[in-house]
Amino acid sequence: MALSDEELRETVAVWRANGMVVQAAANQMKKPRTTISDRLSLARDRGLLTDETPMIEMPAFVLEGDEDEPIAEILARQRRAFERKQQAAAARKWFPIQVRETKPYGILWFGDPHIDNSGCNWPLLEQHIAIARQDGIYGGNIGDTTDNWPWTGRLAKLWADSEVSSKTAKRMAEWFMFDAGVKWLVWLIGNHDAWNGGDEFYKKLGAYHIPVLDWRAQFRLVHNNGSEAKVDAAHGRKGNSIYNPSHGTLRDARFGEEADLFVTGHIHSFKLDHFEIAERGHTTWLAQVRGYKWHDHYAWVNGFAEYQNGAAVLSVIDPETARIQCFADPEEGAEYLKWKRR
């Protein structure tokens, strides 16, 4: 169907209004660029385009803001991100670890290792690693595997005092995770681990092998007979007291969710409690593990006495009853476990 003169004049008018830019006229009229060009040629043939066609035609630029992602797509993406985060958080809440041991077994809770620090008590750490290699004993890392001082800020200068490079520290952490011979049940990320993007390093390192969780892990030890033991392990907890090293842990035990064992690190102190929360009719263990960092300059200049015990705690679990017994001395606990397993 032939175009009328009126339709061609309309196209010419739009073209002129857009600075005689064909693409701009096409955008306004929602027509292909070739259609507008053909109409202008036809208008010229009919004498409707009296002005000289410009020898130069500028491209149609995208208007400022038009290159942005549409707001509807942004909102949809944000909804999907929240849904993924919500599902991931739900999956980590009291997740089950299936334990097929029919005999009593142990979990050796390693306090803050700081394995690249010159004050790391390697003789003691190696002694505890040897215990964790024994039959029926598994490992739990409470976090702060290395110093991993920040690259910027006031703590960055501590790299100058370190005898181990960042690269070597990561190699040591990888050895601790895979080659030390520890059968890990869980590995936490502490504040030192998270600096410099280190949390992603550990998560990728342990992917598909070891549950690596940020700061806290709440899980259930599920046995073949259906019995369960609930464990709440956290690198650190809210609340401190000069009278009670496990104040934050006690706070969570009394006012948080119920568990059979609470394990905490972070503040390099030690306490082991077994007590009943009468209001709940529940007995629980509180284990504040000291870790392996000795001769701490920060503790020295701030007048904090260094704990000499409780670098690690060994928890012995009986799958028949799901009852837990904890030992401040891992060697004694290992001997007890051997006797139980016989």
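Helices (H or I, at least four residues) and strands (E, at least two) are taken as DSSP runs, numbered from the N terminus. The structure described here is a predicted model.

In this scheme, aspartate 144 is placed in the loop that runs between β3 and α6 (166-179). The phi angle of aspartate 144 is near 60°, a positive value in a residue other than glycine. Aspartate 144 has a relative accessible area of 1% and is therefore buried, the limit for that term being under 20%. Alanine 322 is found in the loop between β11 and β12. With a relative accessibility of 10%, alanine 322 also counts as buried.

Helix α11 comprises 12 residues, 330-341. At the N-terminal end, α11 is capped by aspartate 329, which has a side-chain oxygen 3.0 Å from the backbone nitrogen of glutamate 331.

The buried residues of α11 are Pro330, Gly333, Ala334, Leu337 and Arg341. These residues lie on the same side of α11 because they cover an arc of only 100° around the axis. On the other side of the helix, Glu335 and Trp339 are exposed. The packing partners of the buried residues of α11 include the helix α5 (122-132) and the strands β2 (105-110) and β3 (137-141). The strands β11 (312-318) and β12 (323-327) are also packed against by these buried residues.

Conventions. Residues numbered from 1 in each chain as written. Predicted model: local features only at pLDDT ≥ 70, side-chain atom pairs only at ≥ 80, totals over all residues. Heavy atoms only, no water. Expected span 1.5 Å × (residues − 1). Buried < 20%, exposed > 50% of the residue type's maximum accessible area, 1.4 Å probe, protein only. Arc of directions from axis to C-beta. Contact = heavy atoms within 4.5 Å. Polar contact = N/O pair within 3.5 Å; in protein donor to acceptor, adjacent residues only side chain to side chain.
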